[in-house]
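Here is a walk through one protein model, going from a few individual residues out to the whole fold and back again. Keep the viewer open as you read.

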Amino acid sequence: GEFLAIVGPNGAGKSTLLKIILGLLPLQSGEIFIDGHPIKNNKSSLKISYVSQKASSFTAGFPASVKEVVLSGLTKTKKLFQRFNQNDVKQVEHVLERLNISHLIHKNIAELSGGQQQRVAIARALVTNPKILLCDEATSALDPATTSSILQLLKNVNETFGVTIMMITHEMSVIQKICNRVAVMEHG
């Protein structure tokens, strides 16, 4: 249930750490524990979701609606060629409503502002009801007002959804405003 900031200079290993936790890179040594249980073979993807710093990189004409983008967050819960069902759509609608962006459901993702796209990326990460949300500089490409609203959204997600958040950031104001624990990395 905590909100953890991970800080450190470029090249310290912050993003690498998140990729190891996600199972995208192999663990070289040590162990990863979730709820006191070690992750075997980096397998715990249904409990962990990820928000990239590049969520606002959809180019004009990208052919997907907000609904489709958020539904794509459920692909890891499906078998090959299994279609989305009405319960999946209801889950998407519920998350969009909880994040106060249900009015965007039929909009094309590429037509949204950077802040709106970031909110959609957060919705996509939350649609699987994760226990942990990993954010890799989720506010780095946003203006100060949008950054503040995204941070408030993440704080609300932490408090109301009960999701533990690990956020890589270089913004000390982020740490001061919303984080209750800080980890500093240097040289891995």
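**A walk through the model**

Leaving out residues up to four places away in sequence, S72 touches F84 and R124, where contact means heavy atoms within 4.5 Å. You'll find S72 in the loop between helix 2 and helix 3; helices here are DSSP runs of H or I with at least four residues, strands are runs of E with at least two, and both are numbered from the N terminus. S72 counts as partly exposed because its relative accessible area is 26%; the classes are buried under 20%, exposed over 50% and partly exposed in between, using a 1.4 Å probe and protein chains only. From S72 to H103 there are 31 residues along the chain, and their C-alpha atoms are separated by 19 Å.

Before going further, a word on what you're looking at. This is a predicted model, so local features need pLDDT of at least 70 and side-chain atom pairs count only at pLDDT 80 or more, while totals for chains, interfaces and linings use all residues. Residues are numbered from 1 along each chain as its sequence is written, and side-chain values use heavy atoms, with hydrogens and water left out.

How confident is the predictor? On pLDDT, its per-residue confidence from 0 to 100, the protein has a mean of 85, and 93% of its residues reach 70 or more. Helix 2 (residues 66–71) has the highest confidence, at 94, whereas helix 6 (residues 172–178) has the lowest, at a mean of 77. Where pLDDT is low, the predicted coordinates should not be read in detail.

Now for the overall fold. The protein has six helices and seven strands, and starting at the N terminus they come in the order β-α-β-β-β-α-α-α-β-α-β-α-β. Its radius of gyration is 16 Å, which agrees with the value near 16 Å for a compact globule of 188 residues; that radius is taken over C-alpha atoms, and the globule rule is 2.2 Å times the number of residues to the power 0.38. Along the principal axes, the C-alpha atoms fill a box of roughly 45 × 40 × 30 Å. Of the contacts with a separation of 6 or more, 75% are between residues 24 or more positions apart.

What about inside and outside? Of the 188 residues, 44% count as buried. The accessible surface comes to about 10500 Å², and 50% of that belongs to carbon and sulfur atoms; areas come from the Shrake-Rupley method with a 1.4 Å probe, and for residues only the protein chains shown count as cover.

A183 sits in strand 7 and, neighbours within four places aside, is in contact with L4, A5, I6 and V7. A183 and G8 are 175 residues apart in sequence, yet 8.5 Å apart in space, C-alpha to C-alpha. With a relative accessible area of 27%, A183 is partly exposed.

Move along to M185, in the segment after strand 7 (181–184). Is M185 buried or exposed? It counts as buried, because its relative accessibility is 13%. Again setting aside neighbours within four places, its contacts include I6, V7, G8 and P9, along with A12, G13, K14 and L17. H103 is another matter: M185 and H103 are 82 residues apart along the chain, and their C-alpha atoms are separated by 40 Å.

Finally, take a look at two asparagines in loops. N100 lies between helix 3 (86–98) and helix 4 (114–126), and has a positive phi of about 60° although it is not a glycine. N129 is in the loop between helix 4 and strand 5 (132–136), with a positive phi near 55°. N100 is exposed, with a relative accessible area of 65%; N129 is exposed too, at 54%.

Definitions and conventions:
pLDDT = per-residue confidence, 0-100.
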